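This report looks at a few residues in a protein chain and at their surroundings. The sequence and structure come next.

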Amino acid sequence: MVAPTAVPRVAKGETFKDNSKKKDVRILNIEAAKAVADAIRTSLGPRGMDKMVAQADGEVIITNDGATILNKMTVEQPAAKMLVELSKSQDVVAGDGTTSVTVIAGALLKKSLELLERGVHPTIISDAFQKAAIKACEILTNAAIPVSIEDRDALIKAANTSLGSKIVSQYSSLLSPMAADCILKILDPQRPELLDLRDIRIVGKLGGTVDDSQMVDGLVLDHKAAKAAGGPTRVENAKIALIQFQISPPKTDIENNVIISDYAQMDRILKEERNYILQMVKKIKASGANVVLVQKSILRDAVTDLSLHYLAKAKIMVVRDVEREDIEFISKTLHCLPIAHVDHMRPEKLGRADLVEEMEAGKGRVVKVTGIKDKGRTATVLLRGSSKQVLEEAERSLHDALCVVRCLVAKRYLIAGGGSAEMEVTHQLSQWAKTLLGMEAYCVRGFAEALEVIPYTLAENAGLNPIEIVTELRNLHASGNKYHGINVRRGTVTDMLEENVVQPLLVTTSALSLATECTQMILKIDDIVPTR
């Protein structure tokens with residue numbers, strides 16, 4: 001006879017038994033979100049792989065940017081969609097670290113799954129993670145190095161780190177100073193927090209290599225000058241009018257027709273049209289304008305052949321089809337006012353520049369305005385690339401670099417990159433977990449271990465032995481070397497500050513808090529209710 005096995009008596013409320021459906025839903029959600037995080041994990045870090053996104057319309061995008069990849073992915077599962085939203089919000093807050101935030105969220109979910117299997121209640125995990133995230137941000141802030149906004153080198157170093165993981169990383173010596181200078185150019189020292197990246201215009205042109213890109217001191221319009229009637233394509237001492245009316249004969253309303261019975265009436269109409277246009281051109285000429293930028297018009301032609309002919313006779317250069325959304329940027333740059341009616345043409349509404357000329361840029365042509373008087377706080381970059389994919393990726397990479405510099409302006413602290421910040425947080429959180437009691441200590445330790453995913457992935461993507469590297473990093477951080485991280489180029493562990501691998505504090509703190517928030521949301525879901 002077998003002795004009955006002793007069943008250990010568990011005090012009520014100690015462990016948490018869940019019914020199977022709730023458990024299944026939770027596991028389903030966590031697995032789906034983990035799958036998304038794992039898909040993007042390989043593109044983390046300077047040795048990360050790139051993804052080729054083939055869209056339904058046959059377009060191909062080659063990118064390394066987490067937010068772009070997730071944005072283009074077709075994700076059906078609701079919890080996995082939350083990770084896509086997560087990387088979007090990181091893109092809005094910091095602009096960089098969109099891959100890291102997804103990878104961290106995936107690691108936290110994996111840890112939560114382990115804790116759930118041990119019978120820890122989701123709410124306890126969620127609350128402990130919240131505390132751990134706040135503590136982690138404190139640890140990072142204490143380890144951060146304050147930086148002055150005038151320190152251009154620090155800004156360039158941070159931009160270099162951001163560009164290090166991109167396809168265009170070999171051009172970072174050109175793009176990083178460009179990003180730093182753009183931000184310093186549009187920065188208002190009185191109100192540094194009001195930094196709008198829309199004040200930086202990036203014009204991409206096919207042809208040449210990324211090396212041929214340049215920052216233009218002035219304005220570049222992605223349009224040709226209208227020279228059908230032999231108008232000028234180069235004007236010195238330009239007075240520029242930005243007009244929103246059409247230089248063409250008025251049309252009847254849509255429903256109306258004008259019926260002409262003989263030639264005399266037709267001649268009269270043509271004569272009236274000519275006079276109408278001539279009067280407009282005379283008014284434009286009288287205001288002193290010699291360059292006209294015409295806004296694109298939908299209902300009728302912005303300029304006709306006749307008006308181009310008269311404008312060319314008056315030696316006025318015409319750039320047509322300026323997009324409506326560019327009007328604000330152009331008027332800010334040229335320090336001029338948009339003119340809505342020909343009667344409002346006055347000299348004080350014009351912008352002044354030393355030179356407006358049409359120039360070659362790859363296959364196309366652009367209009368370049370230089371030597372602008374009273375130029376507004378804007379910057380223009382002319383990007384070049386050998387293929388459409390390279391050009392688009394260069395634009396995305398430059399945007400990331402600009403965002404990194406903007407983060408530094410918003411929160412003026414730098415931390416070491418290369419996985420060293422995450423390792424330091426892991427070390428200090430593990431120490432802090434020892435002072436806590438009960439389940440909470442368990443969960444905080446789980447949170448700390450989850451952050452090791454960043455150095456682990458960096459080592460893995462660089463083809464190093466991740467376990468060996470992470471163990472070595474643990475040792476170094478435990479003995480007080482808090483700036484040591486993975487040097488991917490040499491395949492060893494070195495001091496990241498000496499290697500100039502730095503990143504803004506805001507990128508990492510926002511990644512941690514956003515990833516934790518997302519994990520908490522997924523943990524708290526215990527059922528999916530479909531609606532019709």
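Buried means under 20% relative accessible area, exposed means over 50%, and partly exposed is in between (1.4 Å probe, protein chains only).

## Basis

This is a predicted model, in which local features need pLDDT of at least 70 and side-chain atom pairs count only at pLDDT 80 or more, while totals for chains, interfaces and linings use all residues. Residues are numbered from 1 along each chain as its sequence is written, and side-chain values use heavy atoms, with hydrogens and water left out.

## Isoleucine 260

Isoleucine 260 counts as partly exposed because its relative accessibility is 35%. This residue lies in the loop between β7 (234-243) and α8 (263-286); helices (H or I, at least four residues) and strands (E, at least two) are DSSP runs, numbered from the N terminus.

## Phenylalanine 329

Phenylalanine 329 belongs to helix α10 (residues 327-334). With 8% relative accessibility, phenylalanine 329 counts as buried.

Leaving aside residues up to four places away in sequence, phenylalanine 329 touches several residues, including Arg198, Leu219 and Thr378; contact means heavy atoms within 4.5 Å. Arginine 198 is 131 residues away along the chain, and the two C-alpha atoms are separated by 8.1 Å.

## Aspartate 65

Aspartate 65 sits in the loop between β2 (60-63) and α2 (66-72). Its side chain makes a polar contact of 2.6 Å with the side chain of threonine 68 and another of 3.3 Å with that of threonine 98. A polar contact is a pair of N or O atoms within 3.5 Å; within protein, one must be able to donate a hydrogen and the other to accept it, and residues adjacent in sequence count only if both atoms are side-chain atoms.
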